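Open the model in your viewer and keep the selection panel at hand. The stops below go from a ring pair to a cavity and then to a helix contact.

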Amino acid sequence: MPETTRDRIVAAAVEMTTSSGWASVTMARLAEAAGVSRQTVYNEVGSKPALAETMILEELARFLQVVEQAFDARPDDLAAAIEKAVTDVLTHASANKLLHAVVSATHGADTELLPLLTTNAAGLLGVAKEVISARVAPYAPGIDPDHLDPAIDMVVRVVLSHVMQPSGSPEQTGADIAWLAGQVLGG
């Protein structure tokens, strides 16, 4: 699939963010890096906050592909699927340069990205919960439908917390969260 102008702009923004920090990202620098005009940058990605959201949502899509693959690899065992998904997501997160740039930013404008993963994460959480709900449903977990959504919300938030601030190895955390999810979901 050929790379679009928008893809080149977003890739340049990610590169700048990971190498120099979000504060270094300007529409003029992006235009130069992507080989387009500043107006094209605005036309393709909108404002800088819109660009930030695009970067985060595109990164989320990559994380959700990891989740999808993990569930595909464990189609008959919900706990094993959750364990693999969590382990693989945390492993992916540990090597993710954009995530590290966002989480480690501690000064000035660089902190503009962090709320997209924390306090203003409604869009991210909604998309993640939707994907997980669709993947969990075929396993027919032993939990009533009224409690399934809050259970999935809990799992997604716990995983996001460990993505942001790991407390153990991906494997151990994956096993721990799978056990917890199994207790709650009755799977």
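The count of aromatic pairs in this predicted model comes to 1. Select Phe71 and Tyr139 and show their side chains: the ring centres are 5.9 Å apart and the planes stand at 65 degrees. Planes over 60 degrees apart count as edge-to-face, so that is the class of this pair. Now colour by element. Phe71 belongs to helix α4, while Tyr139 sits in the loop between α7 and α8. The pair therefore ties together parts that are 68 residues apart in sequence.

Searching the whole structure for cavities of 30 Å³ or more gives 1, and the largest cavity has a volume of about 480 Å³. To centre the view there, select Leu60, Phe63, Val89, Ala128 and Val159, the closest to the cavity centre among the 29 lining residues. Then show the helices α4 (48-73), α5 (78-94), α6 (97-104), α7 (122-136) and α8 (145-164), each of which supplies at least two residues of the lining. What is the lining made of by class? It has 27 nonpolar residues, 1 polar and 1 charged.

For the last stop, select residues 27-34, helix α2, and residues 38-45, helix α3. Their axes are 8 Å apart and the packing angle is about 100 degrees, so α2 and α3 are roughly perpendicular to each other. Show side chains for Met27, Ala28, Leu30 and Ala31 on α2, and for Arg38, Val41 and Tyr42 on α3; these residues make the contact. By class, the contact of α2 with α3 has 6 nonpolar residues, no polar and 1 charged.

Definitions and conventions. Residues numbered from 1 in each chain as written. Predicted model: local features only at pLDDT ≥ 70, side-chain atom pairs only at ≥ 80, totals over all residues. Heavy atoms only, no water. Axes fitted to C-alpha atoms, helices over the stretch in contact; angles between N-to-C directions. Helix = DSSP H or I, 4+ residues; strand = E, 2+ residues; numbered from the N terminus. Parallel < 35°, antiparallel > 145°, perpendicular 65-115°, else oblique. Contact = heavy atoms within 4.5 Å. Nonpolar A, V, L, I, M, F, W, Y, C, P; charged D, E, K, R; others polar. 1 Å grid on protein atoms, 1.4 Å probe; cavity = no way out; pocket = protein on both sides within 12 Å on 5 of 7 lines; lining within 4 Å. Points joined across faces, edges and corners; volume = space filled by probe spheres on them. Phe/Tyr/Trp six-rings, centres within 6.5 Å; stacked < 30°, edge-to-face > 60°.
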